[in-house]
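Student: I would like to go through this model by question and answer, starting with the chain as a whole.

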Amino acid sequence: MNELRENHAVIKQALGANIRARREALGLGALQFSQMVSVNRYSLRQIEAGTANPTIETLLAIADGLSLSLPDLLEGNF
């Protein structure tokens, strides 16, 4: 069970890093982007840090705001 939790943590951290990298590459600040995708700024900060468990709806909104498909966002294909 601990191995599964560790894998989840690695995935969440990688996802958060992908979101931050793409957002910054697009020249979007965290506040601007959070307002653009209707995600609370604090929640976005947690997602980017890899400490949150975002819903699919939130991930879809973020991916759309970054002009990516969800699979591309998850895999870092941008």
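**The chain and its salt bridges**

Tutor: The chain exposes about 5000 Å², and carbon and sulfur atoms supply 51% of it; accessible areas come from the Shrake-Rupley method with a 1.4 Å probe, and for residues only the protein chains shown count as cover. This is a predicted model, in which local features need pLDDT of at least 70, side-chain atom pairs count only at pLDDT 80 or more, and totals for chains, interfaces and linings use all residues. Residues are numbered from 1 along each chain as its sequence is written, and side-chain values use heavy atoms, with hydrogens and water left out.

Student: What is the radius of gyration of the chain?

Tutor: The radius of gyration is taken over C-alpha atoms, and the globule rule is 2.2 Å times the number of residues to the power 0.38. The elements run α-α-α-α-α. For 78 residues the rule gives 12 Å, and the chain is close to that, so it is as compact as a globular protein of that length, with a radius of gyration of 12 Å.

Student: How many salt bridges does a search of the whole structure find?

Tutor: A salt bridge is a side-chain nitrogen of Lys or Arg within 4 Å of a carboxyl oxygen of Asp or Glu. Arginine 20 forms one with glutamate 48, the closest N and O atoms being 3.3 Å apart. Arginine 20 lies in helix H1 and glutamate 48 in helix H3, so this pair ties together parts that are 28 residues apart in sequence. The search of the whole structure finds two.

Student: Which arginine forms a salt bridge with glutamate 48 with the closest N and O atoms 2.7 Å apart?

Tutor: Glutamate 48 is buried, and so is this arginine; buried means under 20% relative accessible area, exposed over 50%, partly exposed in between (1.4 Å probe, protein chains only). The partner at 2.7 Å is arginine 23. Salt bridges that share partners join Arg20, Arg23 and Glu48 into one network, and the arginine asked for is arginine 23.

Student: Arginine 22 is buried yet has no salt bridge; which side chain of opposite charge is nearest?

Tutor: Arginine 22 lies in helix H1, residues 2–25. Leaving aside neighbours within four places in sequence, arginine 22 is in contact (heavy atoms within 4.5 Å) with Leu66, Ser67, Leu68 and Phe78. Lys and Arg count as positive and Asp and Glu as negative, while His and the chain ends are not counted. The nearest side chain of opposite charge is 8.6 Å away and belongs to aspartate 72.

Student: Which residues of helix H4 are buried?

Tutor: On the other side of H4, Ile56, Glu57 and Asp64 are exposed. The buried residues of H4 (residues 56–65) are Leu59, Ile62, Ala63 and Gly65. Seen down the axis, they fall within an arc of 160 degrees, taken from the directions from the helix axis to the C-beta atoms, so they line one face of the helix. The names are Leu59, Ile62, Ala63 and Gly65.

Student: Is valine 39 buried or exposed?

Tutor: Valine 39 is found in the loop between helix H2 (30–36) and helix H3 (41–49). Apart from neighbours within four places in sequence, valine 39 is in contact with Ser34, Leu44, Thr58 and Ile62. At 11% relative accessibility, valine 39 counts as buried.

How values were computed: Helices (H or I, at least four residues) and strands (E, at least two) are DSSP runs, numbered from the N terminus.
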